[in-house]
Amino acid sequence: MLSDRQLKLILEKSDILAGPEFDKIASEAATLGKKTEYYLDEKKIVSLEALYENAANYYQLPFIQLKNQTIRKDVLFFIPEKIASIHNIISFDTDNKNLKIAVSNPEDIEILEFIKKKTGLALQIHITSPDNINEVLKQYHKSLKAEFDYLSNDKLKLVKSDGDTDLKKLASDLPVVRIVDTLLEYSVLEGASDIHIEPEEKKVTVRYRIDGILHNVMVLPKTVQSGIIARIKILANLKVDEHRLPQDGRFKIATNDYKVSFRVSILPTFDGEKIVMRLLNEKAQTLTLEQLGFQPGPYDLVKRNIEKPNGIINDY
């Protein structure tokens with residue numbers, strides 16, 4: 001969202017509103033507790049879309065209308081949902097070298113630098129309105145919790161198991177399949193390196209490891225525990241009826257957007273079998289030393305030492 005300073009400069013250059021007139025409107029908006037750009041729209045001085053089109057001209061950047069854009073989920077997830085919502089920024093296309101993003105405030109340099117370093121891609125910046133971004137986020141960028149809203153507690157109670165003989169049938173039940181598929185899909189899109197499915201006394205906790213930190217992403221009812229474990233065992237070609245010994249396996253998911261191998265470890269615990277899955281993205285880009293974020297001094301040190309035929313790294 002644009003600041004009042006930016007709005008004033010844009011409107012003056014576009015011959016829409018003179019400085020003193022803008023100051024008066026901005027003061028009225030502040031008194032009413034409203035954002036100036038929305039107050040301008042409310043007063044029919046300039047619509048939000050027209051305002052950001054003029055902002056694009058002012059910053060000499062392309063304006064984009066996202067409503068008619070089809071955005072791949074893996075591209076959208078280059079920018080985490082919280083950052084996208086807070087900073088009004090969204091990624092909508094990439095060619096694996098450049099990332100096209102739409103922002104409402106191109107002067108938010110700190111977040112742009114963060115995204116550039118996190119993705120390792122050059123940014124192609126476009127401007128669009130905050131409402132445009134929010135509408136796309138609501139349509140595409142759902143949280144993991146939102147994906148499970150369709151499952152009421154009544155439906156989840158239907159997937160409990162009465163014994164090992166029912167496990168294979170349980171693993172093929174639609175609610176269980178959708179839960180596991182969604183957990184796997186979101187782990188890839190969120191850039192997780194590991195998935196932890198941890199049974200507890202009255203619930204099942206799902207956590208993703210992202211950038212080395214474990215994040216709680218979902219708490220599921222205890223009734224789905226047997227079905228989820230059985231489903232993952234079948235995917236990894238493990239023994240469905242073995243509950244007392246650790247098991248290790250693997251499986252692979254390939255789509256047009258990504259190809260990921262999952263290494264599965266299952267360990268018996270007091271409250272049930274705990275599952276840890278390691279994700280290996282076979283299409284992941286290999287990062288250079290520059291993209292890893294080395295400062296000039298440490299970069300020169302590492303570069304100089306790795307070119308030596310033997311020995312260890314020295315700090316001189």
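## Strand pairing

R263 stands opposite R278 in β9. Strand β8 (residues 259-269) and strand β9 (residues 272-281) are paired antiparallel over ten bridges; two strands pair if DSSP finds at least two bridges between them. Helices (H or I, at least four residues) and strands (E, at least two) are DSSP runs, numbered from the N terminus.

This is a predicted model, in which local features need pLDDT of at least 70 and side-chain atom pairs count only at pLDDT 80 or more, while totals for chains, interfaces and linings use all residues. Residues are numbered from 1 along each chain as its sequence is written, and side-chain values use heavy atoms, with hydrogens and water left out.

## The sheet and its helices

Six strands form an open sheet with antiparallel pairing, in the order β6-β5-β4-β9-β8-β7. Its edge strands, β6 (213-221) and β7 (247-254), each pair on one side only. On average, neighbouring strands of this sheet are turned by 20° against each other, direction ignored.

Helix α12 (residues 174-189) lies across β4 (194-199), β5 (203-210), β6, β7, β8 and β9, and runs at about 20° to β5. Helix α13 lies across β4, β5, β6, β7, β8 and β9, running at about 45° to β9. Axes are lines fitted to C-alpha atoms, for helices over the stretch in contact (heavy atoms within 4.5 Å), and angles run from 0 to 180 degrees between N-to-C directions.

## Arginine 231

R231 belongs to helix α13 (residues 225-235). Not counting residues up to four places away in sequence, R231 touches A171, V176, V177 and V180.

R231 is buried (under 20% relative accessible area, 1.4 Å probe, protein chains only) yet has no salt bridge (a side-chain nitrogen of Lys or Arg within 4 Å of a carboxyl oxygen of Asp or Glu). The nearest side chain of opposite charge, D181, is 4.5 Å away; Lys and Arg count as positive and Asp and Glu as negative, with His and the chain ends not counted.

Technical notes:
Buried means under 20% relative accessible area, exposed over 50%, partly exposed in between (1.4 Å probe, protein chains only).
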